[in-house]
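Open the model in your viewer and keep the selection panel at hand.

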Amino acid sequence: MSIERESDRRGGVIAAWRGWLPEIPDEAVVTLGEGETPLVPAPRLSERVGAEVYLKFEGANPTGSFKDRGMTVAMSRAKAAGREACVCASTGNTAASAAAYAGRAGMACFVVVPAGKIASGKSVQILAHGARIIQIEGNFDAALAICRRLAQEVEEIALVNSVNPDRIEGQKTAAFEIARALGRVPDALALPVGNAGNITAYWKGFVEWREAGRAEKTPRMLGFQAAGAAPLVLGHDVENPETVASAIRIGSPASREGALAAARESGGSIESVTDEEILSAQNLVAREEGVFCEPASAAGVAGLLKLAREGRAPEGTVVCVLTGHGLKDPQAVVERARLPEPVAASFEAVVRRVGRVLA
Ligand code: F0G
């Protein structure tokens, strides 16, 4: 396995981690410079939790979510295989990422999404990149079943959901970045779980890192589902998943085995957090740490705070993965905090408002 080169870091995850990824010919590489996202120390959160907490801000990827890491690999491999089009089911972020990378690859892109359940920022991205959007009167799980069949029956179409192993390969690079940035692996990793591809990918990454002799241990994997969409916690599928965290509104995770194995083998767990806990965690990291993530992305932080409240917080170094940017879902904030009425354009009127804030 090649040592990643410093000069390759901004060239995207394929250039940076080539020796750790499936084979991709140079001419097929489709990249937008994804990866190398900030690992931000979170002092206020650390104090609340009693551990050294960092935020891996995946919202800093080109389309604003972690999906870009997997998409560069999946799209490049699809291009190398001569595919003409791609398809995915999505709660929004996968679709936004697929739309962007397909555009760049010169491939047609079809996205199948639950009607009316996609956050506005994501819908806008899909439209901007020119993907064909198909809204179904059903949820993500139904959309995925349709897309799997479509890709099976039409050979020219590549499926770019995380059931495609190339997606997992790309996404595991976030584990490498965390280990390299810290100079060690963290004691625990807290992250949201929806279709369960990401927790599967992180676990694969940390295991490979250890097996390559880069570290002696692996972190505990702490996955968190939304309480209204928590099949892995309940032990059975949820027919009508509901949560404010629309990105993880999933009742039948495709990578359930990977997620359960990650929790089991790492000495971690998969638990649930309420919508209220999710929104409160989103608020907290935005206000106290200066990092704005979408509601689903705050599930890991919400989970960590819950563990701390119950006296079960992990010790040592904990990384919370913030999977997507807050601007993806403006509505989630606007519904809770409205702009105040305007005041006159005078010094006095503005000072009166400022005074009220400072009083
Ligand atoms: N966080 C965000 C912001 C997501 O968009 C997703 C999944 C997850 C967490 C959960 O990751 O599915 O690998 O367990 N979004 C998918 C999508 C389902 O279609 O964009 P997971």
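Select helix α12 (residues 275-289) and helix α13 (residues 299-309) in this predicted model. Their axes cross at roughly 100°, and since angles from 65 to 115 degrees count as roughly perpendicular, α12 and α13 are therefore roughly perpendicular to each other. The axes come within 8 Å.

Now show side chains at this crossing. On the α12 side, pick E277, I278, A281, L284 and V285. They meet A299, V301, A302, L305, K306 and R309 of α13. Sorted by class, the contact of α12 with α13 holds 8 nonpolar and 3 charged residues, with no polar ones.

Next, select helix α9 (residues 197-211) together with helix α11 (residues 256-266). Here the packing angle is about 45°, and the axes are 8 Å apart.

The class count for α9 with α11 is 5 nonpolar, 3 polar and 1 charged.

Move on to helix α4 (residues 93-105) and helix α5 (residues 120-128). These two pack at an angle of about 20°, with 8 Å between their axes. Angles under 35 degrees count as roughly parallel, which makes α4 roughly parallel to α5. The crossing in which α4 passes α5 is left-handed.

Highlight N93, A95, A96 and A99 on α4, then K122, Q125 and I126 on α5; these residues make the contact. By class, the contact of α4 with α5 comprises 4 nonpolar, 2 polar and 1 charged residues.

Finally, center the view on the ligand. How many residues surround the ligand, and which are the closest? There are 20 around it, and the closest are S90, N195, A196, N198 and T323.

- K67: a polar side-chain atom lies 2.9 Å from a nitrogen atom of the ligand.
- T94: a polar backbone atom is 2.8 Å from an oxygen atom of the ligand.
- N198: a backbone N or O atom lies 2.8 Å from an oxygen atom of the ligand.

Notes: Residues numbered from 1 in each chain as written. Predicted model: local features only at pLDDT ≥ 70, side-chain atom pairs only at ≥ 80, totals over all residues. Heavy atoms only, no water. Axes fitted to C-alpha atoms, helices over the stretch in contact; angles between N-to-C directions. Helix = DSSP H or I, 4+ residues; strand = E, 2+ residues; numbered from the N terminus. Parallel < 35°, antiparallel > 145°, perpendicular 65-115°, else oblique. Left-handed = near helix turned anticlockwise from the far one by under 90°. Contact = heavy atoms within 4.5 Å. Nonpolar A, V, L, I, M, F, W, Y, C, P; charged D, E, K, R; others polar. Near = heavy atom within 4 Å. Polar contact = N/O pair within 3.5 Å; in protein donor to acceptor, adjacent residues only side chain to side chain.
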